[in-house]
Amino acid sequence: MKLNHWAVLPSAIALAALAATGVALGEADDSDASPIYGVKLPKNYRQWALIAPAQEAAPLDELRAVLGNDRGIKAYQSKTLPFPDGTVLVKLAWKHVQSPEFDPASIPGAATTVQVMVKDSRRYASTGGWGFGRFINGKPADEAQHQTCFACHQARVQNHDFVFTRYAP
Ligand code: HEC
């Protein structure tokens, strides 16, 4: 009888470990989570609705697009502030390049970063209710970079729930 128990145990432990990290639920493992905040790239964000584009001057010289999940888009449409828990905003960024086909046109070049803000007012109470993640080639950037996020958003857009982007009609 004892033998049977021992045979079952390892797979039970493996299952428990999988469930604990969310792997059993089909989520990516923890190495994909941002330092400090534990934010991951949301699934299917590329299909989310556009809130607004943006352009950043040199030295970064980037084109950007900010997207939101359904809850975020609804909050924008109803002008709800602060954004409700479960809001997720994603900013895509690319190098700004000149169109090879038409000089005056700017088009996205290489992708640079994907940045994420997740609203969870209890979990992220000390950073305005937002968790932050910056990803490069799908991998989270280092901790030092994540220490900069809230300070800049707090200094400049505290009056708009720490969110810069306004909905572009
Ligand atoms: C020096 C200021 C600054 C820092 C630091 C900063 N951001 Fe932002 N962030 C902005 C600005 C400005 C925008 C508005 C869109 C744009 O111009 O790119 C923005 C927009 C965003 C957005 C879209 C929602 C919004 O607020 O408009 C996300 C998501 C985001 N930032 C995530 C991050 C993350 C993650 C970090 C840290 C790794 C970070 N930001 C650090 C200035 C900053």
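Helices here are DSSP runs of H or I with at least four residues, strands are runs of E with at least two, and both are numbered from the N terminus. Everything described comes from a predicted model, where local features need pLDDT of at least 70, side-chain atom pairs count only at pLDDT 80 or more, and totals for chains, interfaces and linings use all residues. Residue numbers start from 1 along each chain as its sequence is written.

The six strands form an open sheet in the order 1-2-3-4-5-6, with antiparallel pairing; two strands count as paired if DSSP finds at least two bridges between them. Strand 1 and strand 6 (139-140) sit at the edges, each pairing on one side only. Strand 6 runs antiparallel to strand 5, and two bridges join them. Within strand 6, Lys 139 is the bridge partner of Ile 136. Helix 2 packs on the sheet and touches strand 1, strand 2 and strand 3, with its direction at about 90° to that of strand 2. Such angles run from 0 to 180 degrees between N-to-C directions, using axes fitted to C-alpha atoms, for helices over the stretch in contact.

What about the inside? Of the 169 residues in the chain, 24% are buried, meaning that 20 or more other C-beta atoms, placed from the backbone, lie within 10 Å of a residue's own. The largest nonpolar core has 24 residues, and Leu 89, Val 90, Val 116, Met 117, Val 118, Trp 130 and Phe 132 have the most contacts inside it. A core of this kind is a set of buried Ala, Val, Leu, Ile, Met, Phe, Trp, Tyr and Cys residues joined through C-beta atoms within 7 Å. Strand 3 gives the most to this core, namely five residues. Val 90 touches Pro 42, Tyr 45, Trp 48, Leu 67, Val 114 and Val 116, leaving aside residues up to four places away in sequence; contact means C-beta atoms, placed from the backbone, within 7 Å.

Finally, the ligand. There are 21 residues around the ligand, and Arg 134, Cys 149, Cys 152, Phe 164 and Thr 165 come nearest; a residue is near if its C-beta atom, placed from the backbone, lies within 6 Å. Strand 1 (49-56) and helix 3 (143-146) are among the elements that each supply at least two residues of this shell.

Terms used
A residue is buried if 20 or more other C-beta atoms lie within 10 Å of its own, exposed if 12 or fewer, and partly exposed in between; C-beta atoms are placed from the backbone. Two residues are in contact if their C-beta atoms, placed from the backbone, lie within 7 Å.
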